[in-house]
Amino acid sequence: MAEFVMPTLGSDMTEGTLVEWKKKVDDRVVKGEIIAEVDTEKAAIEIESFHTGVIEQLLVKPGERVPVGTVMAIIREEGTQTIPAVQAHASTPPSQTVSPKDRVSSPPHAPPPIAAPVIEPGRLRISPAARKLAGELGVDPALVQGTGSGGAITLDDIQHGAQAQRRQRSASPAFTTEAGDRQARMRQTIAAAMARSKREIPHYYLSTTIDMGRAMTWLKEENLKRPVTDRLLYGVLLIKAVALALRHVPELNALWKDNAAFQSPDIHVGVAISIRQGGLVAPAIHNADKRSLGELMSSFQDVVKRARAGTLRGSELSDPTITLTSLGLAHK
Amino acid sequence: MAKITYREAVRAGLREALQSNPRVFLMGEDVGKYGGTYACSKGLLDEFGPERIRDTPLSESTFVGAGIGAALGGMRPIVEVMTVNFILLALDQIVNNAATIRHMSGGQFSIPLIVRMATGAGRQVAAQHSHSLEGWYAHIPGITVLAPATVTDARRMLLAALQEPDPVFIFEHAYLYPLEGELDESALSVDLTHAAVRRTGPDISLITFGGSLWKALEAADQLAQEGISAEVVDLRILRPLDISTVLTSVRKTHRAVVIDEGWRTGSFAAEVSAQIMEGAFYDLDGPVARVCSVEVPIPYPKHLEDAALPQPEKIVQAVHSLMGR
């Protein structure tokens, strides 16, 4: 059994409100699939499940406000369904009393039934080698169909699972949800977070002036070559520039977590996005240093759209390794 | 390569042993005038004389004990016991004397004794002459247990065993005596430390010894026709067991079937299976399977005897089931 808990979607979040369950009891949920929508007061966030299985229980009702870490649902992980009794066992006759006479005519010793492996509920029927390979390839064995003896998952199955996973990752998921009206509370939350930040974190400020003339000229020329829908925003240049700069100064690509500095190997640039009717979120654009300007542009448009629709994902809000706030949107 | 029978190979080995060292002598029931129950010592009485080819009374405990005494006295006795069933009468001499005296004398005495015997079923000689008790002997520390399956091993293992300072038990599968095989004439000696891979393949390991080797190879032929390439490992030496050759094979194929003519419960196959689990658990892509004898006294009627023993078809079936076919 796995527990689905109220996640923390930022250091300032202590509780959240369940807006809506995206799954019912007995629905199947796959790891990474949206299971619920949670209102953090900054935004309504779609929350992914960390487990694959079947929803056993939903413990929190929509509208309920619960602290971070509260168990909200129970997921029965895959592979825990009862395996049909193995035939050797089923056919074992009930014990009978045998008269001495019968005993003489019966075969001297019936061969003892061979103990067939019985998988306890909750355990996946998977070979040790397959389990090891799954770990190495990052495949969730619960998502894999077993083809071995008695439906056991074998090395081959994991190999196929890894291929399927790669295919799945290259196809982009689609999502739609509507945003709620939470403007006032969002303002309140931002104010609280900013105040706490100023209070608890030593601040220092550096500034420099950069002549963007060449960049702007380049951007103008580049955009003339592009179809209108593919044109680049000034802000995208800043995202890329920040990401590339971090490669040179990786110490800045760091977080203070659990009383220790944690330097991230990946560069996820959080971009501040203003939400209409007021409000602000800073979702992450993942691996910004490794992506082309065109790719960054479409990611940027995507998060802006979803930030305004209130359909950002939990990981996007908790992932940024640096945050960029840009008045560059004014250049739109 | 020359074709000879397993029986001829054993006899050539005996002759070589007798020629190699004047202190080597052969004794057992009917080994002299009769030429051996399985004709392994035929002609040796004429060649080496009654001092060195000695017929004994029908008392296994006595003549195995006499062999222990002769070994203590500086001789190099080769004791032939007619079959594995009859050696049960000498078990006390083996377990309490032959295997222990080096240990209990603090290394002052050793017993360089060789005991050969026929083992196994498949010849319709019923329940008192068809046992496969190699696994019982492999249980005993202090002795070496050999299971020559090929004519080359039948020919060469005896001389290698004579180099050992401690008791060596050689189990010759009676079904093999009349069968011909290719003698590897280039191999003038064989080692008593390594298992042998008799056929290589990437898909599954068939691990066996003695008479079952040929059934495993036949099963491998059948499997090859359906595209399953089996590796066949001949253990050769049951004690000390060369588990590393087994594990190397299983780490490659990820699947193993152990074939052993002994009864399944407490079989030598059980020991091999346990050691595979201990040494290669995370390389296994399925449980280790065993093909052993059915747990009945080996029947006399041919169809029942065939049904009781490991057969190529049963090995193929075990492989299918392991591979989910």
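Author: Two residues are in contact if their C-beta atoms, placed from the backbone, lie within 7 Å. In this predicted model, helix α10 (residues 268–280) of chain B lies across β10 (204–208), β13 and β14 of chain B, running at about 155° to β13(B).

Reader: What makes β9 and β14 of chain B stand at the edges of the sheet?

Author: The order of the open sheet is β9-β11-β10-β13-β14 (chain B), with mixed pairing. β9 (196–199) and β14 (289–293) of chain B each have a single partner strand, so one side of each is left without a neighbour in the sheet. From one strand to the next the twist averages 25°.

Reader: How do you know that β13 and β14 of chain B pair?

Author: Pairing requires at least two bridges found by DSSP. Strand β13 (residues 256–263) of chain B is joined to β14(B) by 4 bridges, and the two run parallel; therefore they count as paired.

Reader: Why is helix α7 of chain B called mostly covered?

Author: A residue is buried if 20 or more other C-beta atoms lie within 10 Å of its own. In α7 (residues 151–161) of chain B, 9 of the 11 residues are buried, among them B:D153, B:R155 and B:R156. The buried residues pack against elements of chain B including α1 (6–20) and β5 (114–119).

Reader: What describes the packing of α9 and α10 of chain B?

Author: The angle is about 65° and the axes are 10 Å apart; the crossing is right-handed. By class, the contact has 7 nonpolar, 2 polar and 1 charged residues.

Methods
Residues are numbered from 1 along each chain as its sequence is written. Chains are lettered from A and ligands numbered from 1 in the order in which they are written. This is a predicted model: local features need pLDDT of at least 70, side-chain atom pairs count only at pLDDT 80 or more; totals for chains, interfaces and linings use all residues. Axes are lines fitted to C-alpha atoms, for helices over the stretch in contact, and angles run from 0 to 180 degrees between N-to-C directions. A residue is buried if 20 or more other C-beta atoms lie within 10 Å of its own, exposed if 12 or fewer, and partly exposed in between; C-beta atoms are placed from the backbone. A crossing is left-handed if the near helix is turned anticlockwise from the far one by less than a right angle, and right-handed if clockwise. Ala, Val, Leu, Ile, Met, Phe, Trp, Tyr, Cys and Pro count as nonpolar, Asp, Glu, Lys and Arg as charged, and the others, Gly among them, as polar.
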